[in-house]
Amino acid sequence: MDNNDVLLKVENLCQYFKMGPTMELKAVDNVSFEVHKGEVFGLVGESGCGKTTTGRSIIKLYDITSGNVYFEGQRICAGIRSYKDAVRAAKAEYRQEAGEVKKLIKEDRKNGVTEVRAEYSERLKNAEEKLHAVMVEQTANIKSAKFDDKYCNKQYAETQMQKVRENFEPQLAALNPESAEYKELEKQFKEELRLAKKDRIMNKMQMIFQDPIASLDPRMTVRDIIAEGLIIRGVRNKKYIDEQVYKMLDLVGLVPEHANRYPHEFSGGQRQRIGIARAIILNPDLIIADEPISALDVSIQAQVINLLNDLRNSLGLTIMFIAHDLSVVKYFSDKIGVMYFGKMVELATSDELFAHPLHPYTKSLLSAIPVPDPDYEKNRKRIVYNPIAEHDYSVDKPVMRDIGNGHLIYCNEAEFERYKAEINS
Ligand SMILES: Nc1ncnc2c1ncn2[C@@H]1O[C@H](COP(=O)(O)OP(=O)(O)OP(=O)(O)O)[C@@H](O)[C@H]1O
Ligand SMILES: [Mg+2]
């Protein structure tokens, strides 16, 4: 697929939480993936593996520790830990080299050589230059990361304003400034410019939160909940807002009469629909749906999935769908990422993952899916994943490796060879 089609790119994302003065919890550790336009990307893994944290990091609810997130090619999140680590490593290397050279000079002195040998000065000079180069490079990286992280919305608003100007200015230039037509167009131009100034790249992605009860303010009416995004965005036209709210209610299968009610008057499935309506009113490109159905009855689960699927087609949405088991994402996702304990352990297209699951954790998740066949079910064995027994990473270290067809797997060299044999057998 064309690289221009990448809507969301997550690159070496790390989100570490401080747990006391020295401890850190690596909730998300070096996770990378890409989501193409129009795709549904399923992110699965057991409770606590870092799925929600990944979603919340992408929409900037946290300052990420390290890595980058790009949306439509623009960097929206950037952590600086890796750059700081590079500086620290370079300083340590410099200290080591300088220490060794000093030792050699000292030995020379002991042996009566008072002059510092040229090769020693050369080594010191090289070490200094190397450190300096790293410092310059990483300082620039840190500066640009901080800038992009902080001003991504502002940069986006500026490009949007520029687009509005480019659209209106030539049209205005062709008209007589005294004409009514000019005045009307100018009014429209000013209004669009005002809205573009408030446009936020972060509005292009919306999250549907895991808990439909906690994520809706009980004191707000459904209308106010759904309209909130528009109002924050600076829309003032009440009639337009009402129209949009009704349109969203209709899209998610609710009726206008629901607008004046409060969240507690709705069932779980309906609340999730309200959450979806709130998410789509700003016309986002990406929806991050965080286990939108796990709190619902099975029959309602299918309805919400169908709704998301319909919206994906009618609104051209790209969806990142978080779930804790594979059965839910199987038919709905184009691509699936499996997370375990903060790490992405396997990443492949949905078809590929189900045809050739390789990582033992993926296999264990698959073995948990019930099959509508009583004979098979009787004998179905759940595979339990035990990482300590499964992997020996003491010497041969694991990284993400591509086994072909964009099928990525977190493994060491020895496992990689084994998986390759397995996939070809
Ligand atoms: N704000 C926070 N501060 C500290 N630790 C956190 C924070 N948010 C999450 N965690 C921890 O990070 C880890 C990952 O949590 P996360 O909520 O991302 O998991 P999850 O995969 O979404 O799980 P679930 O399926 O239960 O929703 C957990 O150990 C959690 O306790
Ligand atoms: Mg979660």
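This is a predicted model: local features need pLDDT of at least 70, side-chain atom pairs count only at pLDDT 80 or more; totals for chains, interfaces and linings use all residues.
Local features need pLDDT of at least 70, and side-chain atom pairs count only at pLDDT 80 or more, whereas totals for chains, interfaces and linings use all residues. Residues are numbered from 1 along each chain as its sequence is written, and side-chain values use heavy atoms, leaving out hydrogens and water.

**View 1. An open sheet of 4 strands.** Follow the order E2-E1-E4-E5, with antiparallel pairing. Strands are DSSP runs of E with at least two residues, numbered from the N terminus, and two of them pair if DSSP finds at least two bridges between them. E2 (23-36) and E5 (74-78) are the edge strands; each has a single partner strand, so one side of each has no neighbour in the sheet. On average, neighbouring strands are turned by 20° against each other, direction ignored.

**View 2. Strands E4 and E5 side by side.** Here 4 bridges link E4 (residues 66-71) to E5, and the two run antiparallel. Look for Asn-68, which stands opposite Ala-78 in E5.

**View 3. Helix H1 across the strands.** H1 (residues 51-58) lies across E1 (6-19), E2, E4 and E5. Helix H1 runs at about 115° to E1, an angle between N-to-C directions on a scale from 0 to 180 degrees, with axes fitted to C-alpha atoms (for helices, over the stretch in contact). Helices are DSSP runs of H or I with at least four residues.

**View 4. Gln-138 in helix H3.** H3 spans residues 118-173. Gln-138 has a relative accessible area of 9%, so this residue counts as buried (under 20%, with a 1.4 Å probe and protein chains only). Beyond its neighbours within four places in sequence, Gln-138 is in contact with Tyr-83, Ala-86 and Val-87 (heavy atoms within 4.5 Å).

Methods. Chains are lettered from A and ligands numbered from 1 in the order in which they are written. Buried means under 20% relative accessible area, exposed over 50%, partly exposed in between (1.4 Å probe, protein chains only).
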